[in-house]
Amino acid sequence: MKRIHVAAAVIRGADERVLIAKRPLDKYQGGLWEFPGGKVEAGEHVEVALARELHEELGIVVTAAQPLIQVRHDYPDKQVLLDVWEVQAFTGEPHGAEGQPLMWVTADQLTNYSFPAANQPIVAAARLPQRYLITPDGVAPQRLLDGLARALDEGIRLIQLRAPSLSAVDYRALAERALGLCEGRAQLMLKGPLQWAGDYPQAGWHLTAAQLRQGGAERPIPAEQWLAASCHDAKELELAAALGVDFITLSPVQVTMSHPEASPLGWASVADLLLGFDRPVYLLGGLAAVDIPRARAAGAQGIAAIRAFWPD
Ligand SMILES: Nc1nc2c([nH]c(=O)n2[C@@H]2O[C@H](COP(=O)(O)OP(=O)(O)OP(=O)(O)O)[C@@H](O)[C@H]2O)c(=O)[nH]1
Ligand SMILES: [Mg+2]
């Protein structure tokens with residue numbers, strides 16, 4: 001069976017809301033919500049197809065778009081490659097040119113709508129920012145919380161509380177305070193034994209590669225809690241996908257000050273590793289905000305960093 005190449009769009013409105021459309025009842029998967037788009041024609045460039053489909057279905061003209069995520073999915077009767085782009089700017093007022101109902105929803109509200117089975121990673125990608133801040137280790141708790149507050153002011157929306165030099169008791173106390181600070185403003189990811197995850201329903205859990213390698217065959221925490229993992233090679237990507245994580249970090253892309261001994265993957269092998277991996281990926285290791293476009297072009301969600309995103 002030939003895989004059908006589909007161009008689809010996460011369209012951001014002025015208030016960061018996302019446009020979704022209801023598939024007509026007489027179509028394949030009719031009645032489910034979708035990200036507007038359609039099939040790429042033979043020989044057509046995907047960006048051209050995206051612009052054409054959005055003009056046909058919504059009457060808008062795309063003026064700025066960048067790749068968000070690629071998802072391969074096998075339905076019982078067809079195989080699709082969903083090539084999803086984030087549309088940041090367009091002209092015209094979207095309307096359902098084919099009579100399909102439209103809705104603008106916040107990214108977090110996307111989880112309240114029924115999408116085709118292939119869409120789960122797309123919804124995750126639409127909800128996640130481009131920057132993932134990892135906190136520096138060895139910073140006194142009050143200074144760390146002050147830094148976090150400033151990072152939030154600077155627009156950081158996803159944070160991993162990493163403090164390997166703290167005792168379990170001190171880490172948990174810090175986690176409580178950091179959660180209070182992040183409430184309603186950012187998603188906090190915690191690290192540590194999985195048994196702790198139930199104590200922090202607002203937090204996500206970020207697994208180490210060692211936890212991933214020990215892990216079973218089932219997602220260890222509820223779907224409402226974000227689950228992430230640190231990956232370094234093809235084997236760990238495979239384990240992360242099998243466990244059903246929502247997103248990963250892939251490192252080290254370049255040599256970094258925090259892990260000078262690790263040999264870097266380099267951009268070429270990063271792009272190879274990401275081909276066919278259908279969950280949001282943050283590239284990590286010696287990267288900064290200027291590398292985000294390159295990360296996107298390589299198929300990643302964005303960049304994870306300590307130094308580059310810590311407001312010191
Ligand atoms: N546009 C779009 N298609 C999706 C999504 N998720 C998903 O599985 N698909 C699948 O990808 C394919 C896209 O086809 P489509 O029906 O939009 O194609 P099209 O606009 O060219 O329409 P037509 O060929 O039916 O006239 C369908 O098999 C659809 O089920 C999504 O979020 N958006
Ligand atoms: Mg369509």
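Because the model is predicted, local features need pLDDT of at least 70 and side-chain atom pairs count only at pLDDT 80 or more, while totals for chains, interfaces and linings use all residues. Residues are numbered from 1 along each chain as its sequence is written, and chains are lettered from A and ligands numbered from 1 in the order in which they are written.

An unreviewed UniProt entry puts a "binding site" feature at Arg23, Glu34, Phe35, Pro36, Gly37 and Asn119. Those residues span 97 residues in sequence, yet no two of their C-alpha atoms are more than 13.6 Å apart, so they gather at one spot. The unreviewed UniProt entry also places a "binding site" feature at Gly37 and Glu57.

Glycine 37 sits in strand S4, residues 37-39 (helices, H or I with at least four residues, and strands, E with at least two, are DSSP runs numbered from the N terminus). It has 25 C-beta neighbours inside 10 Å, so it counts as buried. Here, a residue is buried if 20 or more other C-beta atoms lie within 10 Å of its own, exposed if 12 or fewer, and partly exposed in between, with C-beta atoms placed from the backbone. Setting aside residues up to four places away in sequence, glycine 37 touches Val6, Ala7, Ala8, Ala9, Leu50 and Glu53 (contact means that the two C-beta atoms, placed from the backbone, lie within 7 Å).

Glutamate 57 belongs to helix H1, residues 46-58, and counts as buried because it has 20 C-beta neighbours inside 10 Å. Leaving out neighbours within four places in sequence, glutamate 57 is in contact with Pro36, Ala97 and Glu98. Asparagine 119, for its part, is in the loop between strand S7 (102-105) and helix H2 (120-127). With 24 C-beta neighbours inside 10 Å, asparagine 119 is buried as well.

Next comes ligand 1. It is surrounded by 17 residues, and the closest are Glu34, Gly37, Gly38, Lys39 and Pro116 (a residue is near a molecule or strand if its C-beta atom, placed from the backbone, lies within 6 Å of it). Strand S1 (4-11), S4 and strand S6 (79-91) are the elements that give two or more residues to this shell, and S4 gives the most, with 3 residues. Sorted by class, the shell has 8 nonpolar, 4 polar and 5 charged residues. In this sorting, Ala, Val, Leu, Ile, Met, Phe, Trp, Tyr, Cys and Pro count as nonpolar, Asp, Glu, Lys and Arg as charged, and the others, Gly among them, as polar.

Now for the strands around S13. Strand S13 (residues 247-250) is covered on both faces: Phe247 and Thr249 on one side and Ile248 and Leu250 on the other are all buried. S13 runs parallel to strand S12 (residues 227-231), joined by 4 bridges (two strands pair if DSSP finds at least two bridges between them). Phenylalanine 247 in S13 is the bridge partner of alanine 228. S13 also runs parallel to strand S14 (residues 281-284), this time with 3 bridges, and threonine 249 has tyrosine 282 in S14 as its bridge partner.

Serine 251 and proline 252 are joined by a cis peptide bond, with omega about -10 degrees, and proline 252 lies in the loop between S13 and H7. Glutamate 16, in the loop between S1 and S2, has a positive phi near 75 degrees without being a glycine.

Methods:
UniProt positions renumbered as here; feature names shortened; annotations may be inferred.
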